[in-house]
Structures are given as structure tokens and as C-alpha cells.
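This report looks at a few local features of one structure, beginning at the surface and then turning to its aromatic rings.

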Amino acid sequence: LRVTTSRHLFKMSVVPIPQASGKINKFAMTERHLGFLQEMVRKNPESYKEEFLEQYEHFMQTIKLLHLQPVQHRMDVQPLLDSITFLSGVVVFFKEEAKAFGDQMLTVLREQATGLDPHVRMAFCKALIPLRNKNFIEPLTLLELFFELIKLEDKHLRKFILSSISSHLKVICVQKKNLKLAGKIQNFCFAKLKDSRSIVVRCAQLILIDAFRKKYFRDTKTANAISEGCFHKVPKIQVAAIKFFIGSKSDEDGEEELSDDDENGGEEDGKTLKEVMNAFRYAKKTKKRERDLEKAKKTLSKKKKAKKESRGKECNLLAVQSLYDAQEFGDRLFKMLESTKVEKFEVRLFRLALLARIIGIHRLQTLQFYSLAVFPCSYVQRYLQPKQRDVTRILLYAAQACHELVPPDTIENLVRCIAYNFVTDRNSPEAITVGINAIREIFNNCPFAATEELLRDLSQYKTYKNKNVSMAARAIITLFRQVNPKLLHKRDRGRLTAEQMEGEDREYLDFGVPAVREFVPGAECLPEEREENGEMEVDEEEEEKSDEEGWVDVHHAEDVSDKEGEEGEDEEEEDEDEEGEWETDDEEDVEGEEDDDDEEGEEEDDDEEEEEEEEEEDEEDNEEEEMKGPIQSMKLKKRLRKSEMKAKIATVPKEKAVKVSEGRILTQEEFKKINQFQIKKALVSQKKIAREIVGTRKRTLDDDRLDEEYEEKRQRRIEGDGLPRLKDIEHFHKKMRRATKEERMESIMEGREGREDYGKRKKNGPHVGKTNRENAKKKVFNMVKNKIRGKNRQRSFRDQQTSLKNYLLKQAGRKPGNAKL
Amino acid sequence: MGSKKKKAQKNAAFKKTKLKVGKILKKTNTTDATVESRKVVLLTQLEEQTGSTTAVYSYRGLSLDNLCQQLGHYSKSVRKNAIVGAKQILTSAPHLIEAHLRTIIPSFARLISMTDTDSATHSQLKSLLELVCTVPPMSMSPHFPLFVAHSLRGLTHSHESVRTFALTVVHLLLETYPALCRDSTDLFQTIIHFVSTSRKTNHSTKILLDFITSFLKIYDEECAVVSHCIEVRLSTEEGTLSKRIDMCPPAKLMDPFDFPVLTTSNAGASSSLFTSPETLLNLTQALSPLVARVALENDRNLTEHIVRLIDLMKRGVERQPNKFMMTDFDERYASACDPLLKAARIHSLKDNKKVLAAIATLSQ
């Protein structure tokens with residue numbers, strides 16, 4: 001109130017004295033300082049309404065002028081921009097004016113947008129945003145206008161429009177949860193996807209993609225609307241849509257993004273940017289702290305970027321999965337691929353990638369896709385040459401497109417083609433490696449396409465002198481040891497694990513014959529009949545009981561399959577100590593088992609010897625192999641017998657598992673328990689195999705690596721989309737060549753980034769590089785007065801005498817200096 | 001040594017010439033038939049010397065287009081010189097004005113709302129605009145809306161000097177093109193708004209009153225024009241008409257360029273002062289406080305103006321044809337005139353008999 005009254009008085013005093021020259025009154029001030037006026041209006045809109053109205057009227061007149069003459073002189077632009085910023089900041093306080101203000105700008109933009117100065121146009125658009133946020137303008141009308149403006153060739157405006165729409169969607173969907181409006185906007189964008197102007201389509205597409213990634217519109221409808229873009233006539237739109245479904249490139253390459261550990265580590269020291277900035281603001285400023293701040297900022301921004309990237313990765317699988325009619329979509333894509341239309345290779349590659357991905361994820365039957373590889377006239381075959389550009393990617397797409405439901409003969413042809421073109425001695429080792437890797441990935445997806453003859457050929461490369469090639473071949477062997485050992489040569493087969501005996505981990509028994517599970521694997525760890533108690537309360541008790549019962553059986557199974565030495569027991573005990581729960585039962589069991597171990601001890605020794613012999617034989621030539629054939633077969637028979645025995649005993653837990661899983665409905669906790677059990681079992685059996693091999697031949701690091709890689713790959717198949725990555729195809733165990741100088745320099749420079757230069761630091765103060773004498777000249781005289789006086793006092797006796805003499809001569813009226821006394 | 005040389009000479013014929021990759025050897029047995037000659041380059045074509053006779057230049061040798069460009073210059077002095085030059089050209093060749101209105105109007109009218117012009121430049125500019133306003137209304141009419149828009153923009157400018165200058169320009173327009181002004185709704189509304197908010201203006205009161213008077217006049221004139229023949233008596237015996245029938249429609253409809261599409265103001269007649277009671281009331285509401293204030297200042301010289309103004313206002317009300325459309329017209333009119341009547345009761349005004357009388361007529 002006080003403000004208004006004082007203002008009132010002020011007005012009274014001003015009005016009668018019009019423009020007293022030289023005196024700056026408040027009006028004159030505000031005339032010049034719109035920013036100042038804006039501040040005042042914000043504080044007290046009512047009392048400053050008059051000033052506001054003045055500006056407002058002037059703006060309205062300008063708008064009228066713009067209607068007549070949109071092109072303005074360059075000198076008039078800046079004042080107009082100022083007044084727009086002023087009004088847009090203030091107008092929301094006055095309702096009627098706000099409405100008219102918005103409407104006027106809308107009409108001008110609609111009618112004269114092409115002629116307007118780009119800055120003015122941009123300022124109008126920016127001014128419209130707060131009006132929309134305060135509901136003075138309908139959001140949809142503004143959206144329509146924006147889509148009109150997008151047609152103009154104004155890069156900055158387009159960018160601004162896209163970002164403003166995105167942020168608006170964020171407000172609507174996240175903060176206000178106004179789903180109705182969001183739906184309207186979504187439908188509007190869908191309609192714009194069918195526009196005849198390609199730029200409009202592109203913008204609508206970009207908005208939808210962005211909204212999908214940021215979870216504003218994450219639904220099947222949006223994904224399908226975007227998918228239509230893959231068939232648009234403009235390549236740029238096609239590529240954007242295809243890229244959306246493919247996801248980030250680093251994902252396809254299989255590069256690791258920031259893992260969870262990193263993020264957690266970040267969180268420990270991790271503060272938000274705001275916290276860091278605050279801490280810096282209130283601490284003493286030192287060089288080091290400044291540097292630290294910069295570093296912190298950099299890491300934070302990096303993290304943000306990585307987060308953004310990962311968001312793209314997570315959504316693309318979802319988008320592909322939510323396609324309505326994947327088969328038809330795939331067929332259309334394939335038709336486009338087949339067409340002879342001239343287009344860029346990259347575009348074609350993208351399309352190939354998307355098609356492969358869709359085939360792989362949806363298990364489509366697009367058989368021509370593979371068969372194209374075989375006919376010499378087709379282009380895919382043309383692509384499958386070592387010298388082809390981006391051939392590793394093409395191989396990757398071939399591997400991605402292979403899945404269990406493709407007929408084996410089709411795949412066989414494809415594999416044969418790759419083998420002929422890549423895996424021959426006349427090719428470079430890199431080509432062979434890539435080829436074998438690709439074949440491995442294909443076989444990983446459809447193991448029934450493999451033939452014995454081809455596989456044996458490939459496995460012979462394990463003795464190739466190039467390590468990359470030999471490792472790739474060994475990787476194939478490792479794969480088939482797990483998948484279908486019968487196809488391998490006998491000495492490559494290795495030992496069968498318990499699971500393989502049971503055929504537990506195989507998803508398919510034969511082509512098109514999925515392994516149907518009659519029970520939940522691992523269910524044997526649960527008690528056969530659940531105690532009828534209040535479930536949650538007696539959980540622990542129940543667990544204990546179940547453990548006891550379960551573990552008896554399990555160890556029974558293990559006893560037979562395991563041959564544990566003393567060392568092994570120790571290890572196991574340690575493991576079990578960590579888990580606590582299991583401890584007591586196990587110890588008891590182990591004690592009970594020792595007898596069995598002893599019995600089998602002798603056998604074990606025999607086995608080890610045999611194995612050693614075998615390994616030696618392996619290393620010898622093939623000729624000798626024939627000689628020793630019968631002996632080997634004997635041993636094999638022995639082993640088979642043994643495994644049969646094992647299998648017999650192993651059926652006992654199986655029966656129990658069947659009983660458990662048929663008898664009742666398993667709870668979530670029970671599933672958890674089963675999972676734990678399975679993991680443990682896998683660990684134990686792994687250890688066991690490792691131990692066995694330790695006994696026979698020296699197990700090299702390479703063996704471990706191959707096994708690890710295989711495990712990793714299996715895990716990945718279960719987890720995500722289950723498709724191979726480029727990393728798998730381009731997998732070289734040994735570095736291909738030494739880095740060139742450029743590469744080395746690049747890595748060096750990368751390390752230097754953000755590091756301060758060594759040596760003396762450069763100073764840049766105001767006095768740097770000047771002598772004290774020079775500095776003294778600039779000092780205020782009062783500061784140096786005394787010093788100068790002191791200097792004068794330090795004259796020598798002779799100087800004093802001469803000056804006195806001169807002085808006296810002057811007094812006497814004679815010329816000083818030369819006169820001689 | 002000698003033998004070696006001889007040997008080399010001997011073998012020269014059989015020596016194999018070394019070929020460089022990518023170079024083509026000249027054949028030895030062909031004749032080079034290429035002809036070399038020098039080109040004749042024409043730097044310029046033969047120019048027709050036209051235009052120099054007809055083009056008009058200012059004393060400084062600048063054409064009108066150049067001057068128009070310079071009018072938008074950043075430097076104050078350049079602009080000032082350009083104004084002088086333009087004035088000089090246009091006075092020497094008045095026919096140019098009409099031909100170049102398309103370029104002249106935007107560049108000249110833009111200067112109205114320049115903030116950094118001094119009074120001398122303003123007077124120069126004013127005389128220049130007066131010169132432009134010598135153009136007949138017919139040729140002015142397509143450019144008139146733009147001109148008005150520029151000057152109205154100046155009228156709402158936040159700078160005092162600009163507003164004052166814009167007032168004189170609008171006054172000029174009202175005087176010279178009354179018919180065109182009448183059709184412009186923008187003009188009407190902006191002026192009313194201007195009058196109602198002109199408390200802060202510091203132009204001399206006389207100018208303001210003059211301005212308002214001429215503003216009212218244009219609408220008054222319109223009323224006078226309304227003389228379409230409504231009744232005609234035809235006497236068959238004499239074979240004459242009682243009146244001459246004016247077959248031509250009113251002047252404003254004759255304007256060939258006045259399409260509502262081109263101008264923002266669509267057919268001003270509908271909202272002009274003396275036909276719509278609403279606008280009339282607005283006007284009265286805006287004017288009466290101003291007139292009252294001026295009257296209270298008790299300046300003898302202004303008495304004349306005030307009386308004339310009040311007379312015009314009264315005439316407007318009297319001639320209002322559509323009064324019946326608004327039921328509470330009288331009450332609202334009375335309330336609009338209230339400030340004037342109040343002023344009349346104040347003691348200081350008592351001496352000024354003429355003004356009192358005028359106000360009295362108003363209230364009747």
C-alpha cells in the first residue's frame with residue numbers, strides 16, 4: 001500500500017511539470033529502461049498499469065504496422081525485440097491484455113511469418129510460450145501454429161520449436177499429468193505424420209521419437225506410428241525411423257556402457273552439480289579447488305550423457321516388440337531392400353540392420369532373406385565378400401537374422417557361402433577370424449544347421465598359426481561341446497557335464513522340437529510337501545526344514561557325479577561359510593560322503609591317467625590316431641557306462657522335482673530359493689570340471705577365457721534381446737597390429753586433455769611484466785612522496801655542497817653552474 | 001673413352017626409350033596442326049546512354065533511391081543530410097513524388113518514430129512530409145494505410161518528442177486527406193485512445209485543440225456530404241426534375257484501390273463517428289475531461305477553440321441518426337458530459353461567458 005501511495009504523490013508532482021529539462025523524473029527513467037520498468041511492474045502490477053499500457057499500445061500499433069509491412073528496417077528490430085521481452089514478462093499480470101497480446105502475435109505469425117525478421121519471429125514464438133503456460137492460449141492452437149512455422153527455412157526457429165514442444169510435453173506428462181491434453185497432442189502429431197510436406201513429417205517424427213525415449217508417449221501406438229516412417233519417400237525420414245528401432249550404435253557394437261558399479265561409485269562421492277557448486281561458492285577459492293570443480297563438472301556431464309544413451313538402448317527393444325504386425329512390416333522392408341532403386345549404401349545397411357533385428361526378435365519367416373545369399377546374382381551374396389565395405393556388420397546382420405525356427409537347410413547354405421568366401425587359406429587371417437566368428441554366432445542361434453563335415457573342417461583351424469584364427473576355431477568347439485558334441489571329432493568333445501547328460505539346458509531337442517519341461521528345474525531343493533502354516537511368519541523354519549530335506553537329495557546326486565578331493569572340500573566349506581544358512585547341513589553331509597569318495601578314488605586316478613594319454617594323443621598326428629582307435633573306443637565305452645550309471649542315479653532328484661512342481665503352485669519365495677540353488681549347482685559343477693581338467697592337462701588361460709566368454713554369451717542370450725553384437729563378430733583375441741603413430745598420438749592427446757601444462761605457470765596480473773620503477777610511475781603520488789623525499793636526503797656531501805653553492809650564486813644574482821670559486 | 005662414345009652413338013637407334021608412367025609420348029611422324037591465337041576480350045558492351053537525362057540528382061549527386069537508402073542510415077547526420085537532399089529533389093521535380101510513392105512512404109514514414117532526431121531535423125522532416133502530402137488523394141490512397149500506421153505508431157511512442165511530432169503529422173494528414181482519414185478505423189480509435197490518455201502529454205494545448213477540432217471536422221463534413229437525393233418530384237408537364245439526381249455513389253466508394261483485403265480497416269463508415277452511438281459516446285467520454293481541463297486554465301486565447309470544439313461535439317450528437325438503437329443513450333451521454341458540467345460550476349470559469357454558454361447548449 002505504501003508503494004502505491006508514494007507513487008500517487010509522485011504522479012501528482014510530476015504531471016503539472018511537463019518535462020523539466022535536465023531533471024530526470026521517473027517517467028524518463030522508465031522510458032529508457034524497460035528492464036527496470038519490468039521489475040517495478042512485477043512487484044506491483046496495479047500501480048504501474050499505466051506505464052504498461054503505454055508500452056502495450058505502442059506494441060499493438062507496431063503489430064498493425066507489421067501486418068501492412070512485415071519487413072522492418074534493421075534499426076527498428078532491436079527496439080521491437082526489447083518491447084516484446086518486456087511485454088512477455090509482464091503481460092501475464094493483466095488478463096485481458098494478455099489474451100489480446102497473444103492473439104495479435106498469433107495472427108501476425110500466421111499471416112506474415114515469411115516476411116518477418118527471423119529475430120522478431122523467434123521473439124514472438126518465445127513470448128508465446130509463457131502465455132501458453134498460463135493458459136492464455138490454447139496449447140493446440142499454438143502447436144498448429146508451430147507446425148506452420150516449421151515450414152519456414154529457419155534452422156534456429158525449428159530447433160527452438162522442437163525443444164519447446166518437448167519441454168511442454170514434459171510439463172504435461174510428468175508434472176501435471178494432463179493425459180487428455182497429451183493424448184490430443186499425440187493424435188495431432190500422428191496426423192502430421194501423414195502431411196505432404198516432408199519437413200512437417202520429419203518434425204512430427206522427431207517429436208514422437210523424443211517423446212517415446214523420454215517416456216512421455218511410450219506405447220504401442222506411438223511405436224507403430226513411427227514405424228510407418230520407415231517407408232516414407234524421403235530417405236532422411238526413413239533413416240531416422242530405422243535408427244529409432246535399431247537403437248544406439250554403441251549398443252549394436254556391443255560396447256559396454258557405464259556399469260552399475262560405476263554409478264554406485266559415483267553416488268558415494270557423488271553430489272549433484274548444485275551441491276558441488278555451492279560447496280565451491282562458500283569455500284576458499286584456490287587453484288586446486290577450481291580444478292576439482294571443473295573435473296567434477298565434466299564427470300557429471302559425462303554421466304548425464306551416458307544416461308541419455310542408455311535410455312535409447314532400453315527403449316528400442318520395447319519399440320520393436322510392440323510392432324502390431326511384424327511379419328508384414330518385415331516383408332515390406334524386404335521388398336524395399338530388393339528394389340533396385342539407387343540409394344546410399346549406408347541407408348541400405350540401416351535397412352538391413354533393422355530387418356535382421358526384427359526377424360531375430362520376432363522369429364519371422366522371411367526365408368528369401370537367407371536364400372538371397374546363395375544365388376550368385378543376388379546382392380546379399382555380393383555383399384558377403386571379405387573386401388566388402390562394412391562386411392562385419394553385414395555378417396552380424398546375417399547372424400542376427402538367424403533363429404531357431406529357420407529351416408536348417410536355408411541356414412546351411414548361408415553358412416557354406418560364408419565359409420567359402422571367408423574361411424579359406426588364401427584369405428587373410430582377419431577375414432578367416434571374422435568368418436569363423438560369424439559362423440559361430442549363426443550356429444549359436446540355430447545349432448541344427450551345422451553339419452559334421454563343415455564343423456570338422458572349421459575345427460581344424462584350431463591349430464592354425466595365427467592366434468586369432470585358432471582361438472575363433474576353439475570358440476566354435478567350445479560352443480558345440482555344450483550344444484551338440486556329437487558333431488565334433490571325438491577328441492574335441494571333452495567331458496560331458498551332468499546337465500548335458502540330462503539334457504537339461506537344451507532348449508531344443510531337434511529342429512522345431514522344443515524341449516518341453518515337465519518340471520521346474522531345481523525344484524528338488526524344496527520339500528515335497530509344504531507345511532501348512534502362516535507362511536510369512538514361519539519362513540525361516542520352513543527354509544531350514546526344506547534345506548535339510550532338499551540337501552540330502554542334492555548331495556546324493558552330487559556324490560555320484562562329483563569326485564571331490566580333500567582340497568575341494570575345503571573350498572566348498574569356505575563357500576558355504578559365506579552363505580551361513582547352509583552350513584550345518586553341508587558339513588554333516590560331507591562327512592557322510594567321505595566314504596563314497598574313497599571308494600571312487602581309485603577310479604579317479606585311473607581316469608586321470610587315461611585323460612593324460614588322450615591329451616597327448618591329441619597333439620600327435622592323425623595317422624597315429626587311427627592306430628590307437630580301438631584302445632580309445634574301449635575307454636570311451638567305459639566312460640559311457642559310467643555316465644549311464646550316473647544318469648540313473650541322477651533321475652532321483654528329477655523325480656522329486658517333478659513331484660514338487662506338479663504337486664502345488666510355487667510361491668515367489670520358493671522360486672527365489674530355486675534360483676539360488678541352480679546358481680550354486682552351476683558353480684559347483686564348473687569347479688568340478690575345472691578340477692578334472694587340472695588333473696589331466698594343464699589348463700591354460702585361453703581355456704578359461706573361452707569358457708568365460710561362452711558363459712557370458714549364454715547369459716546375454718537369456719537377458720536382453722538375445723541378438724549377437726558386433727563385438728562378437730569382430731572378436732580378435734590378439735591385437736591385430738601395432739597402433740600407427742596417429743593412433744598413439746591420439747591416445748596420448750586424450751590423456752593430456754584437461755591436464756595443466758608443465759613448467760612455469762603463466763601469470764596474468766595487472767603488474768605482471770613491469771619493473772618496479774614502471775609500477776612506481778603509476779602509483780598515486782601521495783604513496784611514493786616520502787620515498788622520493790628520502791632519496792633526496794641521501795645526497796653525497798659533494799652534491800650538497802654544489803647545490804648549496806649554486807643556490808648562493810643564484811641569490812647573489814650570478815649564473816650558477818660554471819662559475820668557479 | 002672415345003670408343004665408348006662411338007658405341008653409344010651406334011646403339012642409339014636401338015636404344016629403348018624409358019617410359020614414364022602416365023606420360024604419353026609424342027608421335028614423331030605427325031604434323032602439329034594446332035593454331036595459337038590471342039583472344040579478344042570485351043570488358044564492357046556498348047552501353048546505351050539512357051536515363052542520365054531524365055534522372056534527377058540532388059546537389060550532392062545522389063538519386064532518390066540512394067537518398068531513401070540513406071534515410072535508414074545509423075548515423076544521425078547522414079540521415080539529416082538525406083532528408084535535406086530528398087526535400088531538394090522533390091521540390092525541384094514534384095512529378096517524382098507520385099511515381100515513387102511506393103518507396104518514399106515506407107522510408108519517410110519510418111522516420112517519424114526515430115527517437116534520436118532533434119527539433120531541426122523534425123522541422124525538415126515535417127516540411128518534407130508536407131511536400132509528400134501534395135499528392136492527390138486518389139494516388140495516395142493505396143499507400144495511405146501504411147502512412148497512417150507509421151504515424152499512429154509514433155503517436156503511441158514512449159518518447160515525448162516523438163509523440164509530439166507524430167501529432168503534427170497526423171494533423172497534417174487530417175487536414176490534407178479528410179476523406180481517406182474518415183475510412184480508417186484504426187485512426188479513429190487510436191486518436192480517441194490518445195485523447196483519453198493524453199494527461200501526460202506536454203504539447204501546447206493549442207495544438208492539441210486544433211488537432212481535435214480538425215479531427216472532429218472530418219466527420220462533420222461527412223455528415224454535410226450526406227445529400228443523396230431521397231425524394232424527387234418529376235413534373236411531367238414541364239419535363240423537369242425537382243432536383244438533379246446525382247447518379248454517382250459517394251466519393252469513398254469510388255476509390256478503386258480500397259479493398260478491405262488490402263487494409264486492416266474494413267469499410268470505416270460503419271464505425272465512424274456520427275453513425276454509431278457507441279463511438280460517439282466514447283468520444284464524448286474522452287473529450288469532455290480534456291476540454292474541461294483546458295477551460296479551467298482560463299486562457300483567453302483558447303476560448304475560441306473551446307467554443308468551436310464544443311459546438312462540433314454538440315452537432316455530432318444532434319445529427320446522430322441511430323440514437324434510437326441504444327435505449328440508455330441519453331443517460332450515458334449525460335454521464336459522459338459530466339466533467340464539463342462540473343467544470344462549469346467552478347467559480348473560476350464564471351468570467352468566461354462564451355464557454356459557459358457553449359457548455360449550456362451542450363447540456364440541453
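This is a predicted model: local features need pLDDT of at least 70, side-chain atom pairs count only at pLDDT 80 or more; totals for chains, interfaces and linings use all residues.

## A nonpolar patch

Met745(A) belongs to helix α37 of chain A, which covers residues 741-752, and together with Ile748(A) and Met749(A) it makes a nonpolar surface patch of about 250 Å².

## Helix α39

Helix α39 of chain A runs over residues 781-793, and its 13 residues reach 18 Å from the first C-alpha to the last, close to the 18 Å expected at 1.5 Å a residue. This helix is hardly covered, as the count of buried residues among its 13 residues is one.

## Aromatic pairs

Over all chains, a search of the whole structure finds 15 aromatic pairs. One of them is the stacked pair of Phe52(A) and Tyr56(A), with 5.8 Å from centre to centre and 25° between the planes. These two residues are four apart in helix α4 of chain A, and so about one helical turn separates them; both Phe52(A) and Tyr56(A) are buried.

Phe334(A) and Phe369(A) form an edge-to-face pair, at 6.4 Å centre to centre and with 65° between the planes. This pair links distant parts of the chain, with Phe334(A) in helix α18 and Phe369(A) in helix α20, 35 residues apart. Phe334(A) counts as buried because its relative accessibility is 3%, and Phe369(A) counts as buried at 7%.

## A cluster and charges over rings

One aromatic cluster is formed by Phe212(A), Phe231(A), Phe244(A), Phe245(A) and Phe329(A). The charged end of Lys126(A) sits over the ring of Phe160(A), 5.8 Å from its centre, while Lys285(A) lies over the face of Phe280(A), at 5.5 Å from the ring centre.

Key. Residues are numbered from 1 along each chain as its sequence is written. Chains are lettered from A and ligands numbered from 1 in the order in which they are written. Side-chain values use heavy atoms; hydrogens and water are left out. The expected span of a helix is 1.5 Å times one less than its number of residues. Buried means under 20% relative accessible area, exposed over 50%, partly exposed in between (1.4 Å probe, protein chains only). Patches are made of residues with over 30% relative accessible area and no salt bridge: like charges are joined within 9 Å, nonpolar side chains (Val, Leu, Ile, Met, Phe, Trp, Tyr) within 5 Å. Accessible areas come from the Shrake-Rupley method with a 1.4 Å probe; for residues, only the protein chains shown count as cover. A salt bridge is a side-chain nitrogen of Lys or Arg within 4 Å of a carboxyl oxygen of Asp or Glu. Rings of Phe, Tyr and Trp (its six-membered ring) pair if their centres lie within 6.5 Å; planes under 30 degrees apart count as stacked, over 60 as edge-to-face and the rest as tilted. A charge sits over a ring if NZ of Lys or CZ of Arg is within 6 Å of the ring centre and within 35 degrees of the ring normal.
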